[in-house]
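I set out to record what can be looked up in this structure. The entries below follow the order in which I consulted it.

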Amino acid sequence: MSVSNYSRILTAVDFSAHSEHLIARAIQLRDLCGARLSLLHVVEYLPMAYSGDLVLPEGFDLEQELLDVASRQMATLGERLGVADSDRYVEIGNTGHTILRVAAELDADLILVGSHGRHGLATLLGSTARSVLNGAHCDVLAIRVPEG
């Protein structure tokens with residue numbers, strides 16, 4: 001498949017300053033291919049049993065607050081990039097599995113994920129990028145993002 005054949009690109013974003021390089025590459029590929037770009041942010045599931053020393057006010061729904069914050073960040077990013085509401089996704093779950101599920105649902109032909117370059121080939125890809133690469137039904141492009 002040549003780069004011009006990509007028609008649906010899914011980009012997993014985490015809203016960090018380090019992901020700007022990933023976002024720039026996603027826009028570049030969208031424009032080069034004339035592809036439809038979808039953005040996905042995954043809120044990792046946090047079981048309430050893992051509250052540790054964290055004291056939350058009664059009635060406070062941490063999961064919903066995380067989803068609300070992520071949804072606001074996604075709206076801001078989507079507007080800045082010209083990505084339609086219908087192509088912006090905020091999901092809760094395991095990051096790798098959720099990326100793969102959404103990519104399959106969208107019939108994406110390219111998934112972009114960020115990867116921190118570490119030392120040695122074995123640690124080139126983080127666990128999320130590695131799980132996406134191993135489970136994807138389409139091409140995966142791991143974009144090296146700066147470490148912070």
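**Entry 1: the opening unit**

I began with S1, H1 and S2, which form a right-handed β-α-β unit. Right-handed is used here in this sense: with the strands pointing away from the viewer, the path from the first strand over the helix to the second runs clockwise. Helices (H or I, at least four residues) and strands (E, at least two) are DSSP runs, numbered from the N terminus.

I note that this is a predicted model, in which local features need pLDDT of at least 70 and side-chain atom pairs count only at pLDDT 80 or more, while totals for chains, interfaces and linings use all residues. Residues are numbered from 1 along each chain as its sequence is written, and side-chain values use heavy atoms, with hydrogens and water left out.

**Entry 2: strand pairing**

I looked up the partners of S2; strands count as paired if DSSP finds at least two bridges between them. S1 (residues 8-12) pairs with S2 in the parallel sense over five bridges, and Arg8 stands opposite Arg36 of S2. S2 and S3 are also parallel, with five bridges; Leu39 has Arg88 in S3 as its bridge partner. Of the eight residues in S2, seven are buried, buried meaning under 20% relative accessible area, exposed over 50%, and partly exposed in between (1.4 Å probe, protein chains only).

**Entry 3: helix H2**

I checked the length of H2 (residues 62-81): at 1.5 Å a residue its 20 residues should span 28 Å, and the end C-alpha atoms are 28 Å apart, which agrees. The expected span is 1.5 Å times one less than the number of residues.

Which residues of H2 are buried? I found Leu62, Leu67, Ala70, Met74, Leu77, Gly78 and Leu81. Seen down the axis of H2, the buried residues fall within an arc of 125° (taken from the directions from the helix axis to the C-beta atoms), so they line one face of the helix. They pack against helix H1 (20-33), strand S2 (36-43) and strand S3 (88-92). Arg72, Thr76 and Glu79, on the other side of H2, are exposed. After H2 comes Gly82, with a positive phi near 70°.

**Entry 4: the whole protein**

I counted four helices and five strands, in the sequence pattern β-α-β-α-β-α-β-α-β. Of the 148 residues, 39% are buried. Among contacts (heavy atoms within 4.5 Å) with a separation of 6 or more, 78% join residues 24 or more positions apart.
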